Amino acid sequence: MASSTAAARPGVAAAPTPLWTKSFIAGTLLNFFIAANYFMLMVVMTAYALSVYQAPPAVAAFCASAFIVGTLFSRFASAPLMERFGRLPVLVVGAVLEVGLTALYLLNEPLMALIAVRFVHGFAYGMCSTTIATVVTSLIPAERKGEGIGYFMLSVTLGSAIGPFAGIFISNNFGYDALFALASILVALAVPCALLLRPAGKTRVKGDERKALAEQAAASDAAAGALAEGSAEGMREEAEAEALEEAAQSAPVAECPACAGADAKCPSCSRVPSTHLEEMITGKVEHSPLARFVEAGVLPISVVCGLLFFGYSSLLTFLTPYANDLGLGRAASVFFVAYALAMFATRPFTGRAFDRKGPHPVMLPAFVSFALGMVLVAFMVNDWMLLGAACLLGFGVGTVQSCGLAMAVRVTSDARLSVANATFYMLLDIGVGIGPILLGLIVPLIGYSALYLCMAAVGVMALLLFLVVARTEKGVR
């Protein structure tokens, strides 16, 4: 009784909203399992098609890239699916599909069937990754968005470090069937994680609002039981009025019967633009058919991050042959481990700094770090230069990705959160997907060293574009 009275006492500060809830942990683990599965298979798929199917190099490469094509398609479909069936059902179905599709690789199906499986697997992965990002970002308290998303994205970092190493090691020492079996078991762990998730509660009062207010009034009376009856009645009326005002202010975020989240201008579900550029783009897109699939206000920061990931794709595609040409193959084999360690070391600090200081103090050094890392790769002559570049690039890419996502979702309403996440990841997929194709045409003409100098210039371009996109950002709102 004393504790309840103290809780109702005015002037007592509310306890901070917890971050490490059961659902947050389950969602982060789920994201790691699907990311590790993705990276384990992606790094070996071209070699698998070449050695097992004797496929031409272009077809073998498409066995890997078909996954990215499927993922890109899923970004358009995920938000409507979540709106139609709910977030958790879509997530569970996607996780089950990932298990079944990974197991299909064990059948050694014909080459065209393999490409089809890769496409559908990419679709399932995109559906899972978009949905889990939507669920987890909705669980993170608004005042801890940068920190929470930073921790959440470490699951991808860990997957990108363990996945490639495990994929290459197991396929080289135990064969592809052992790799496919392990990948199936790993992604199967995502299913119980999905079942453990509990989405964030909606801000709209459910059920009979009068009954809810009556219960609040009774609690208020109980807390004031030691006072005179007239004083208790006055306190009850005051609490009821405050509850009505709070319900009126918070109700629009949950779901809008007027527009079902389709109208960007609807006061019940619209995203609050954080920059003048967002306002202009929103005005162009909001009444077009794209509004159902694309969150216009997220596009500016998504383009910035997509441009940086275009540069990052050069590391995934050409770092190994470049390092082998220079006799640095040993350091290249642990490049992404050092890259991931740099993310782990810096992500907690950058997330907190983002929440407290806003995007500029955190993201500007990250863009500079990315550009310097690419310059170091361009002129590397020993193992230490390559590993130093890995640390710079890990800080740069990891910080821009997590803080960019925080910028995208922190002023997006719950009703449009799935569309915002899909838009952000769609631009990242485009950057990573078209990078190998375009850069593959450039490398024979200019060479690896000049290529990475160009990628440093891409980092500078992304920095300049960020300054335009975020010039009116004032930090957390």
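Visitor: Where does Asn108 lie, and what makes Asn108 count as partly exposed?

Guide: In this predicted model, Asn108 sits in the loop between α4 (87–104) and α5. Its relative accessibility is 41%. Buried means under 20% and exposed means over 50%, so 41% falls in between and Asn108 counts as partly exposed. Asn108 also has a positive phi of about 50 degrees, although it is not a glycine.

Visitor: Why is Gln54 called exposed?

Guide: The relative accessible area of Gln54 is 60%. The cut-off for exposed is over 50%, so Gln54 is exposed. You will find Gln54 in the loop between α2 and α3. Gln54 has a positive phi of about 50 degrees, and Gln54 is not a glycine.

Visitor: How do you know whether Ser369 is buried or exposed?

Guide: Its relative accessibility is 6%, and buried means under 20%, so Ser369 counts as buried. Ser369 belongs to helix α15 (residues 360–378). Once neighbours within four places in sequence are left aside, Ser369 is in contact with Leu392, Leu393, Phe395 and Gly396. For the whole protein of 477 residues, 51% count as buried.

Visitor: Let's turn to the helices. Why are α6 and α14 called roughly antiparallel?

Guide: Helix α6 (residues 145–173) and helix α14 (residues 335–357) pack at an angle of about 175 degrees. Angles over 145 degrees count as roughly antiparallel, and α6 and α14 are therefore roughly antiparallel to each other. Their axes are 8 Å apart.

Visitor: Which residues of α6 and α14 meet?

Guide: On the α6 side they include Gly150, Tyr151, Leu154, Leu158 and Ala161, and on the α14 side Phe336, Met343, Phe344, Arg347 and Phe354 are among them. By class, this contact has 11 nonpolar, five polar and five charged residues.

Visitor: How many helices and strands are there in the protein?

Guide: The protein has 17 helices and zero strands. Among contacts with a separation of 6 or more, 82% come from residues 24 or more positions apart.

Visitor: Which helix supplies the largest share of the lining of the largest cavity?

Guide: That is α17, with five residues. Helices that each supply at least two residues of this lining include α2 (22–52), α12 (299–325), α16 (383–409) and α17 (417–469). The lining divides into 18 nonpolar, seven polar and three charged residues.

Visitor: And what volume does the largest pocket have?

Guide: About 1400 Å³ of space lies in the largest pocket. Of its 41 lining residues, Met42, Val43, Thr46, Leu316 and Thr317 are the closest to the centre. Each of α2, α3, α6, α12, α13 (329–333), α14 and α17 supplies at least two residues of the pocket lining.

Visitor: How do the residues of that pocket lining divide?

Guide: There are 31 nonpolar, nine polar and one charged. Met, Val and Leu count as nonpolar, so Met42, Val43 and Leu316 belong to the nonpolar class.

Note on methods: Residues numbered from 1 in each chain as written. Predicted model: local features only at pLDDT ≥ 70, side-chain atom pairs only at ≥ 80, totals over all residues. Heavy atoms only, no water. Axes fitted to C-alpha atoms, helices over the stretch in contact; angles between N-to-C directions. Helix = DSSP H or I, 4+ residues; strand = E, 2+ residues; numbered from the N terminus. Parallel < 35°, antiparallel > 145°, perpendicular 65-115°, else oblique. Contact = heavy atoms within 4.5 Å. Buried < 20%, exposed > 50% of the residue type's maximum accessible area, 1.4 Å probe, protein only. 1 Å grid on protein atoms, 1.4 Å probe; cavity = no way out; pocket = protein on both sides within 12 Å on 5 of 7 lines; lining within 4 Å. Points joined across faces, edges and corners; volume = space filled by probe spheres on them.
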